[in-house]
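User: I am new to this structure and would like a close look at a single part of it, followed by how that part sits among its surroundings. Please keep the answer plain.

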Amino acid sequence: MNVRPAYLSLDRRQLQARVERAVAALADCRACPRDCGVNRLEDRWSACKTGRYAVVSSAFPHFGEEDCLRGWYGSGTIFFSHCNLRCVFCQNYDISQGIKAGPAARGSTPEEIAGMMLSLQRRGCHNINFVTPEHVAPQIVEAVAAAIEHGLHLPIVYNTSAYDSLESVALMDGIVDIYMPDFKYWSSERSKTYMLAENYPDAARTAIKAMRQQVGSLVLDEHGLARRGVLLRHLVMPGGLDDTREILQWVATELGPDTYVNLMDQYFPAGKVTSDRFSEINRRLTSAEYREAVAVARDVGLRRLDVRHPDPRLLARLALS
């Protein structure tokens, strides 16, 4: 199977028009459902604490992603600092909301981010994986366009909380190959309590449906690597199986039973979660809770649940020993 990245079908004129549209949108920012409306071209910012340029926390081959993304040489991951959500349990709190996410951090130009992408490509990564892209969708368009000019040819992964605006999803049309939204909460009340975003469930449902319409269900090549489509994640939360049930039923009904779903069991108390604050989620997920989540997925008809295999680097070491 030879599935070309979507952006290679855009001619230079189309790509330039997309860049101009993306940059213009920063003057009255609606990149996410916060609808702040600030002029980021003047380096102003609001909820996301990011002005004209995206702030990159790190860029490296990631071997912790799903097998179909990490492959043998890793997923070329670019982590953006700051976030448009305020998840109290964030496992990357330092770079999303903490000290390392201060607004004084220097942003990276499109050319600099393009250089990171090309470096990851030279290292053999199977894709370019943008993590926490919701608030920097316009800057991603600029960077991808710059990288294409210098030979980028890897699939683009949009690794998001799903708190995206339809405007941002439309900007990504024809550029992103693989959408990887994490549908966190179904309940507006829990979304308000744990993420300071009461409208999260509505925004996530709207954005994920638009993503699915663009790229369809997940397509794997003959090597088992993701080439195009939606890979949906759901972090199962302690005491949150009612949300899990609602989300999985919605996925099966609205996106289809062939939707590729990763039910994640790795929650642990982090960020602002302590015994005195948010005590109800100040514990690990139990094995019984996770088994029930998997049973729910099967019951609603979901057929493609992610299964993890040993780290390929470990397998390589064992083969050589």
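In which loop is Ala162 found?

Analyst: The model is a predicted one. Ala162 is found in the loop between strand S4 (156–160) and helix H6 (166–172). Its backbone has a positive phi of about 80°, although Ala162 is not a glycine. Most residues other than glycine have a negative phi. Ala162 has a relative accessible area of 0%, so this residue is buried.

A second residue with a positive phi is Phe278, which is not a glycine either; its phi is near 60°. Phe278 lies in the loop between S8 and H10. With 19% relative accessibility, Phe278 counts as buried, because the limit for that class is under 20%.

Phe278 leads on to the aromatic side chains. One aromatic cluster is formed by Phe89, Tyr185, Tyr194, Tyr267 and Phe278. Over the whole structure, a search finds eleven aromatic pairs. One of them joins Phe89 and Tyr267 edge-to-face, with 6.2 Å from centre to centre and 70° between the planes. This pair links distant parts of the chain, as its two residues are 178 residues apart. Phe89 is in the loop between strand S2 (75–80) and helix H3 (93–96), while Tyr267 is in the loop between strand S8 (260–264) and helix H10 (287–299). Phe89 and Tyr267 are both buried.

Another ring, that of Trp186, has a charged neighbour. The charged end of Arg205 sits over the Trp186 ring, 4.3 Å from the ring centre. Arg205 also forms a salt bridge with Asp202, and the closest N and O atoms of that bridge are 2.4 Å apart. Arg205 and Asp202 both belong to helix H8 (residues 200–215), where they are three residues apart, about one turn of the helix. Although Arg205 carries a charge over the ring, its relative accessibility is 18% and Arg205 counts as buried.

Salt bridges come next. Side chains of opposite charge can pair when their charged atoms come close. The count of salt bridges comes to 17. Two of the bridges share Arg190. In one, Asp242 pairs with Arg190, and the closest N and O atoms are 2.7 Å apart. Asp242 is in helix H9 (residues 241–255) and Arg190 is in helix H7 (residues 188–195), so this bridge ties together parts that are 52 residues apart in sequence. In the other, the side chains of Arg190 and Asp243 meet at 2.6 Å, N to O. Here too Arg190 is in helix H7 and Asp243 is in helix H9, so the bridge ties together parts that are 53 residues apart in sequence.

The residues of these two bridges can also be described by accessibility. Arg190 is partly exposed, with a relative accessible area of 22%. Asp242 is partly exposed as well, at 40% relative accessibility. Asp243, in contrast, has 4% relative accessibility and counts as buried. Elsewhere, Glu65, Glu66 and Arg233 are linked in a network of salt bridges.

Helix H9 brings the answer to helix packing. Two packed helices are described by the angle between their axes and the distance between the axes. The axes of H9 and H10 come within 9 Å and cross at roughly 20°. An angle under 35 degrees counts as roughly parallel, and therefore H9 is roughly parallel to H10. The crossing in which H9 passes H10 is right-handed.

H4 passes H5 in a right-handed crossing.

The loop between H5 and S4 holds His150. His150 is exposed, with a relative accessible area of 63%, whereas Ala162 is buried. The C-alpha atoms of His150 and Gly115 are separated by 9.1 Å, although the two residues are 35 residues apart along the chain.

Note on methods. Residues are numbered from 1 along each chain as its sequence is written. Side-chain values use heavy atoms; hydrogens and water are left out. Rings of Phe, Tyr and Trp (its six-membered ring) pair if their centres lie within 6.5 Å; planes under 30 degrees apart count as stacked, over 60 as edge-to-face and the rest as tilted. Helices (H or I, at least four residues) and strands (E, at least two) are DSSP runs, numbered from the N terminus. Buried means under 20% relative accessible area, exposed over 50%, partly exposed in between (1.4 Å probe, protein chains only). A charge sits over a ring if NZ of Lys or CZ of Arg is within 6 Å of the ring centre and within 35 degrees of the ring normal. A salt bridge is a side-chain nitrogen of Lys or Arg within 4 Å of a carboxyl oxygen of Asp or Glu. Axes are lines fitted to C-alpha atoms, for helices over the stretch in contact, and angles run from 0 to 180 degrees between N-to-C directions. Angles under 35 degrees count as roughly parallel, over 145 as roughly antiparallel, 65 to 115 as roughly perpendicular and the rest as oblique. A crossing is left-handed if the near helix is turned anticlockwise from the far one by less than a right angle, and right-handed if clockwise.
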